[in-house]
Amino acid sequence: MILIQIALRNLLTHKIKSAIVGGLLIFAAFLIIAGLSLISSIDKSMSKSIVNSVAGHIQLQEKGAKDELSIFGQMGSNEIGYIHNFAEIRKAIEAMPEVGAVVPMGIDSSIVFGGNVLDVKLEALRNAVKAGDKAQSEVIRRHVRRMVALLDDELKNLKGFSDQEKMSDDMKQGLLDVTEANQPKFWDSFDQDPYAHLEFLENKIAKMAIGEDMLMLRYVGTDTERFRKVFDRFEMVDGQMIPPGQRGFLFNKFTYEEQVKHKTARRLDKIKDRLAEGAKVATDDEIKQWIKLNRTQYKEITFQLDDVATDAVKAALQAELASKEGDMAKLVDAFMDVNDGNFQKRYDLFYKIIAPRIRLYSIRMGDTMTINGFSQSGYATTVNVKVYGTFRFHGLDRSTMAGAFNILDLMTYRDLLGYMTADKKAEIAKLQAQSGLKELKRDTAEAELFGEGGGEQVEDTTNATPTQAAAVTPTDAPVEATPAAIAGDVPLSGAKLMAKELEGHVYSQAEIDGGVIRSAAIMLKPDVDVKTGMEKVSALIAARKFALKPLDWRAASGLVGNFVGVIYAVLAFSIFIIFLVSLVIINNSLVMSTLERTREIGTMRAIGAQRSEILQMFMVEAVVMAGVFGAIGCTFGYALVAYFGHFGLLASNDFMIFLSGGPRFYPALPPWGLPVAMIAVLIVTLISTLYPAWLAMRITPLAAMQDSE
Amino acid sequence: MHMATTPAIQPIVHLSNVDKDYKLGAVTVSALKQVSLEIAPGEFTVIAGPSGSGKTTLLNLIGCVDVATRGEVIVAGQDTGKLTEGDLTRLRLNALGFIFQSFNLVGVLDAFQNVEFPLLLQKKMNAAQRKERVMDLLNRVGIAEYAHHRPGELSGGQRQRVAIARALVTFPRIVLADEPTANLDSVTGNQILDLMQELNREGTTFLFSTHDPHVVSRAGRVVRLVDGRIVTEPEQQSQTSHS
């Protein structure tokens with residue numbers, strides 16, 4: 001059609017106009033394509049990260065719960081409700097053709113004490129004494145003695161800084177105890193009554209020791225076996241999977257490295273990673289900071305070395321540093337003062353000489369770990385659980401967000417949760433009313449609370465005070481509320497005993513499914529989209545009258561899930577602004593070119609073109625412009641996306657890794673991206689053409705005659 | 001569309017007591033006063049007069065690009081005062097041909113496309129018919145070899161030939177030409193006038209405006225305008241004819 005030819009040729013003729021309009025439209029199309037690809041890919045990969053690591057496609061929570069479930073949200077006061085009839089729910093939902101599996105869950109955070117070296121050494125010493133191994137006990141004893149000496153030094157320094165008056169009596173007594181233990185006579189008399197000495201050290205000195213790591217662990221209490229099967233991002237790294245049906249804890253490798261590993265070693269690892277990325281010691285402030293910490297925190301190493309180890313390390317460091325320095329503190333300081341040139345050598349040396357002689361991880365696979373649970377109402381529970389191994393979420397190894405999730409078996413989780421049913425609460429209230437204050441007996445309480453499941457719950461009922469009455473409120477489920485328990489000052493021996501009893505106990509599926517949970521993850525079949533799944537699940541919930549609220553993964557993941565919405569909004573907004581600017585500029589330049597074409601248009605009108613045909617001509621021109629420049633922009637955008645889609649975009653930080661579902665981000669154009677971009681460009685062009693076209697329609701045929709007379 | 005020669009036949013253009021006023025702010029300027037005029041088929045008429053005498057205004061009224069303030073303007077049997085904008089446009093398309101002083105070709109189209117343009121607007125002929133008609137005319141005006149040149153590649157005379165072909169392509173009842181030779185040198189201007197005369201002899205009715213005495217001398221009939229009034233009685237001269 002001739003109008004298209006006129007349009008195309010006008011584009012070629014009015015070069016400046018075309019350049020301006022074209023540039024804008026190309027940019028707009030490019031931006032839409034690139035932006036949409038980025039966002040939809042982030043959405044897709046992030047959904048993979050979230051869905052396949054912990055959330056599943058749909059999460060179920062109790063209907064009417066005060067807080068909405070937020071998997072990546074804040075820890076602590078999350079009143080997300082409780083689900084009691086999981087077994088029934090699971091059966092009903094797993095029967096749906098759209099659903100692959102339903103996994104019970106509870107997400108919580110607790111404090112774990114990483115154990116202190118003195119404790120460990122004292123235990124070793126006790127064992128050696130018990131076994132009558134003189135030589136061994138001698139070596140350990142010397143180490144412990146040195147540790148006490150170091151501790152005494154440390155505390156004396158501390159005393160210099162702090163105000164004696166303000167120190168608590170406990171603290172003052174503690175200082176005196178340490179000083180006493182640092183006297184030669186204490187050690188000289190050790191052999192006379194080793195157990196009394198050990199007791200003194202264990203009870204009075206160990207608690208004063210430095211290096212007690214307090215870990216804040218976030219974990220998913222779940223049916224571990226089911227979790228492993230359903231979440232395909234889950235894979236074991238070290239150790240072994242918790243045996244099916246048994247209690248146990250799995251560390252996320254990320255958490256394990258970040259929190260459990262020896263601090264100096266961890267800092268060396270980080271320096272190594274950073275240098276591998278091309279950083280230089282001299283210019284990287286963080287590396288400098290790590291080096292500084294390694295140099296000043298030499299005690300992290302020296303404290304852990306016994307005589308024999310100290311001698312070996314000392315010799316190696318002296319050789320490396322070509323120094324005759326005899327003071328370990330100075331040697332470690334000098335050794336840790338690394339630079340670009342010697343780092344690798346010293347890193348290797350550290351792992352060859354020092355690492356084997358220290359506790360590289362404060363909690364090791366096979367250890368039994370004490371978890372101190374606490375809840376919003378302030379009661380605390382302490383549970384011991386065996387650490388079986390470490391795992392990671394594939395592709396998300398370096399992500400802080402995914403890396404924060406550890407895994408705990410559901411039975412132990414329930415023990416920590418200490419949940420009581422409404423019936424139970426009523427019964428307790430009644431009992432209390434009858435007898436004033438009555439302590440809750442552990443054996444019966446557990447049986448009643450959790451059915452035959454039982455638990456290794458340790459309840460410090462000895463300190464039961466009137467506060468307990470307040471804690472047993474209808475709103476929540478406190479089992480106990482003893483400040484001492486929160487502080488971790490609980491009789492461990494009993495707990496450990498329980499752990500031994502329960503370790504290896506295999507719970508039946510009915511037991512696992514039978515108790516209370518906080519939420520449940522639904523994994524849909526691969527070909528079912530989330531929307532459909534949500535509809536079907538909602539329908540089923542309504543039909544069966546389950547007291548459940550379904551949330552899609554986006555809603556369930558809280559802020560993170562909304563992140564895509566936020567970048568969508570940002571992109572939409574910037575595209576909107578660019579369109580607005582384009583609109584004005586394109587409009588302006590089209591008005592200019594319309595004015596230039598006044599006589600041509602007047603002539604067309606004179607020789608018989610109707611107004612509508614002039615409008616048509618302008619619209620065709622707009623469509624042609626949109627088509628040509630939109631296509632060019634889309635091509636550029638697509639080329640860029642294809643380039644990065646093939647080679648990948650390096651995810652530069654933790655959050656990016658999480659978003660991109662792996663270390664590299666591969667954007668891909670969604671199938672609807674192209675039409676969306678083209679239509680958007682077309683709409684902008686048409687709108688910008690409206691005013692010039694209106695002007696053109698008002699040009700009279702007289703304009704054709706204007707230069708005569 | 002061959003013209004009958006009898007003067008008694010219905011005139012193509014009929015103006016009676018036409019006034020045209022322009023409002024310039026508060027002042028009303030009278031461009032045409034009591035103009036009455038008839039143009040019969042086959043005429044070769046010149047509207048002559050100095051600048052500002054109302055030549056172009058008169059041509060615009062006849063060309064249906066403007067309407068009279070008072071009086072009656074009948075073109076091809078239609079009272080233009082009673083027509084809508086769209087009707088006027090259709091009248092221009094189907095009954096009139098225009099030749100402009102500055103040729104007014106569409107710069108981005110080549111000669112062929114410029115000539116074809118009115119046919120496309122008419123939507124009466126198919127592509128083959130259009131091609132035949134356009135090439136006929138390009139041959140007739142002597143620039144068939146430049147059919148695929150754009151106006152920018154043509155001389156003034158060639159462009160005006162394209163414009164003439166465009167004006168004629170729809171078989172108009174009358175061709176209106178506003179100072180068609182004003183932008184041409186005298187030799188080229190003469191050639192264009194020769195062509196128009198030839199075409200007139202072949203049956204096309206021409207009405208054009210000029211202030212060039214040389215052009216006036218070649219007219220079959222001269223309508224003189226001074227200050228918006230016709231000063232020479234429009235006598236029926238019989239120079240118009242066809243071979």
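In the predicted model, B:Phe44 stands opposite B:Phe206, a residue of strand β8 of chain B. The strands concerned are β3 (residues 44-48) and β8 (residues 206-210) of chain B, which run parallel and are joined by five bridges. In general, the strands of a sheet pair through backbone hydrogen bonds, in either a parallel or an antiparallel manner. Both β3 and β8 of chain B belong to an open sheet of six strands, in which the order is β6-β7-β8-β3-β9-β10 and the pairing is mixed. The edges of this sheet are formed by β6 (96-99) and β10 (229-230) of chain B, and because each has a single partner strand, one side of each is left without a neighbour in the sheet. Helix α5 (residues 156-168) of chain B lies across β6 and β7 (174-178) of chain B, and its direction makes an angle of about 170° with β6(B).

Chain B as a whole contains seven helices and 10 strands, and 50% of its 243 residues are buried. Of the contacts in chain B between residues at least 6 apart in sequence, 71% join residues at least 24 apart.

In chain A, helix α12 (residues 285-296) includes A:Thr296. The end C-alpha atoms of α12(A) are 16 Å apart, which agrees with the 16 Å that its 12 residues should span at 1.5 Å a residue. The buried residues of this helix are A:Ile287, A:Trp290, A:Ile291 and A:Asn294; because they cover an arc of only 100° around the axis, they lie on the same side of α12(A). In an α-helix there are 3.6 residues a turn, so residues three or four places apart point the same way. The buried residues of α12(A) pack against α11 (263-276) and α15 (328-336) of chain A, whereas A:Asp285, A:Gln289 and A:Thr296 are exposed on the other side of α12(A). A:Thr296 is classed as exposed because 12 other C-beta atoms lie within 10 Å, the cut-off for an exposed residue being 12 or fewer. Between A:Thr296 and A:Met336, which are 40 residues apart in sequence, the C-alpha to C-alpha distance is 9.2 Å.

Conventions
Residues are numbered from 1 along each chain as its sequence is written. Chains are lettered from A and ligands numbered from 1 in the order in which they are written. This is a predicted model: local features need pLDDT of at least 70, side-chain atom pairs count only at pLDDT 80 or more; totals for chains, interfaces and linings use all residues. Helices (H or I, at least four residues) and strands (E, at least two) are DSSP runs, numbered from the N terminus. A residue is buried if 20 or more other C-beta atoms lie within 10 Å of its own, exposed if 12 or fewer, and partly exposed in between; C-beta atoms are placed from the backbone. Two residues are in contact if their C-beta atoms, placed from the backbone, lie within 7 Å. The expected span of a helix is 1.5 Å times one less than its number of residues. The arc is that of the directions from the helix axis to the C-beta atoms. Two strands pair if DSSP finds at least two bridges between them. Axes are lines fitted to C-alpha atoms, for helices over the stretch in contact, and angles run from 0 to 180 degrees between N-to-C directions.
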